[in-house]
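The sequence and structure come first.

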Amino acid sequence: MSMTDPIADMLTRLRNALMAGHDTVSMPSSRMRRDIAKILLDAGDIRGFRHEDDDRQGVLHIELKYGPEGEKVINGLARVSKPGRRVYVGRREIPDVLGGMGITILSTSRGIVDGGTARRLGVGGELVCNVW
């Protein structure tokens, strides 16, 4: 089965697993999905992830993180740039999510980075998604 937007699929799988209270979520793997998972791990929004090889593209397993009383750490995920409408920003136009409480993920010439790293590197790019 081919899908038109694998990043939106990833965000939907994460959102659904969080709403259902699952500990892990699995999805087809890709380099961009692994890069996004690494950013979420570095931000402390997930406990971990691992890539498992299979005969095709591999499987990405993401371990979700919850607070001490079972509350979700990730409250929202939103795809910004879509296949039908790409959204690009310059280095001075990178938005803050919830006044700095969330993270913006961008695809830049330096790879997939969060908004703070993009500002520090002085690069803009395609707004992939927002996480809060």
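## Contacts of I62

In this predicted model, I62 is in contact with M10, L14, D23, T24, V25, M27, A37, I46, G48 and F49, leaving aside its neighbours within four places in sequence.

## Nonpolar cores

I62 also belongs to the largest nonpolar core, which has 24 residues. Along with L14, I36, I105 and V131, I62 is among the residues with the most contacts inside this core. Two or more residues come from each of the helices α1 (6-20) and α2 (31-42) and the strands β1 (24-28), β3 (59-64), β6 (103-108) and β8 (125-131). The greatest contribution is that of α1, which gives six residues.

How many of the residues of β8 are buried? Seven of the seven are, so the strand is largely enclosed by the rest of the structure.

β8 pairs with β6 in the antiparallel sense, and six bridges join the two strands. Within this pairing, L106 has L127 of β8 as its bridge partner.

Two other strands pair with β8. Strand β4 (residues 77-79) runs antiparallel to β8 and is joined to it by three bridges; here the bridge partner of A78 is N130. Strand β5 (residues 88-89) is likewise antiparallel to β8, over two bridges, with V89 standing opposite G125.

## A nonpolar surface patch

Which residues form a nonpolar patch on the surface? They are L98, M101 and W132, and together they have about 370 Å² of accessible area.

L98 is placed in the loop between β5 and β6. Its phi is near 50 degrees, a positive value in a residue other than glycine. Is L98 buried or exposed? With a relative accessibility of 55%, L98 counts as exposed, because the cut-off for that class is over 50%.

W132 lies in the segment after β8. By contrast, the residues of β8 are buried, seven of seven.

Technical notes. Residues numbered from 1 in each chain as written. Predicted model: local features only at pLDDT ≥ 70, side-chain atom pairs only at ≥ 80, totals over all residues. Heavy atoms only, no water. Core = buried A, V, L, I, M, F, W, Y, C linked by side-chain atoms within 4.5 Å. Buried < 20%, exposed > 50% of the residue type's maximum accessible area, 1.4 Å probe, protein only. Helix = DSSP H or I, 4+ residues; strand = E, 2+ residues; numbered from the N terminus. Contact = heavy atoms within 4.5 Å. Pairing = 2+ DSSP bridges. Patch = residues over 30% accessible without salt bridge, like charges linked within 9 Å, V, L, I, M, F, W, Y side chains within 5 Å. Areas by Shrake-Rupley, 256 points an atom, 1.4 Å probe, with all protein chains shown as cover. Salt bridge = Lys/Arg side-chain N within 4 Å of Asp/Glu carboxyl O.
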